[in-house]
Amino acid sequence: LGQLFDHGLDGLCVIAHISAVHCWLRGFSSIRLQMVLQFAFLQAQWEEFFTHVLPHGTGQLGVTEVNYGMALLSLVHGIYGLIHEEGVDYTRPVSELVITGINAGLVPSRLLDVVLDLFVQNDRATLDTKVDEVLGHVQLRDVVFMSWIGAVGVLSYLSAGRVISYLRNTLSIFKAFSYLLSPLVLVGFALLDEFVEVDPTVLANSREALRWKGLGAGLLLSHLTIKIIVYTKARQRVALVQWDIGPVVLAAIAAVEPRLTDDGHVLLWRTVSVIALCRLVSWDGKALQHITERLGIETFRIRSVISV
């Protein structure tokens, strides 16, 4: 029960973690970070469903270190914000930081010699121009995002490898990975308009609409994660097709409608968020009632025992 309750809440707390990171990145208007992290958390529960072992980390780096790291980064950003009103500027071009580091002598001389030899034929005067040409369009928050993707990609790869090693049978492996289909469809449709080249006046991408989309898709992905946790503890099968992803799929398709205004996008994803919240609360409430009745316990209080 402790793990069920704790990990069920973790499935929702992931959204709060992502909100903190978005604040650090100056209102970064993408939900890719959120979808990647939430899917990785879901995959960890998926791994336990098939291997009966819940991974808590890779090597010496686990959830405890991540939580302490989040707290430390929040503290650092808060202190820095008190000293510098503008806060940490993650929109700065990486080229500025690289050039500053080179001029300050922070780059080892041997490495600098190799770079000069390979890219500018030992012409130090043109190095700054070359760095700005190559990295001028890359912002610091892009580096954060790619690092995030790389770290989660490694964890997902290791998780998939452990499931394959445990199951071994080809048919069982295929069935196991089929359970990830619905979450992947949800993530894909939530990110649909982030990768489509459309005139911004036609496809609105206002921050408010994206926040509501992140909330709605995030709640549904949390709902799928909690379902896996519950069915893992109950030793029951999970449906291969999760129809709960329907609101996000339909809304993502409707969002491509060129006549939909900014306010229409906001209303659309607000509706999805409300539906997702109602579905989450409804299903969780029924699951909690079933569990407590099965175990003969109360939800929020200890049942009094009357001795006869």
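This is a predicted model: local features need pLDDT of at least 70, side-chain atom pairs count only at pLDDT 80 or more; totals for chains, interfaces and linings use all residues.
Residues are numbered from 1 along each chain as its sequence is written, and side-chain values use heavy atoms, with hydrogens and water left out.

Reader: How many helices and strands does the protein chain have?
Author: Helices (H or I, at least four residues) and strands (E, at least two) are DSSP runs, numbered from the N terminus. From that end the elements run α-α-β-β-α-α-α-α-α-α-α-α-α-α. The count is 12 helices and 2 strands.

Reader: What percentage of the residues of the protein chain count as buried?
Author: A residue is buried under 20% relative accessible area, exposed over 50% and partly exposed in between (1.4 Å probe, protein chains only). Of the 308 residues in the protein chain, the buried share is 36%.

Reader: Why is the pair of Trp 46 and Phe 50 edge-to-face?
Author: Rings of Phe, Tyr and Trp (its six-membered ring) pair if their centres lie within 6.5 Å; planes under 30 degrees apart count as stacked, over 60 as edge-to-face and the rest as tilted. The whole structure holds 6 aromatic pairs. For Trp 46 and Phe 50, the ring centres are 5.9 Å apart and the pair is edge-to-face because the planes stand at 65°.

Reader: Which helix holds Trp 46 and Phe 50?
Author: Both Trp 46 and Phe 50 are buried. Being 4 residues apart, Trp 46 and Phe 50 are separated by about one helical turn in helix H2 (residues 32-51).
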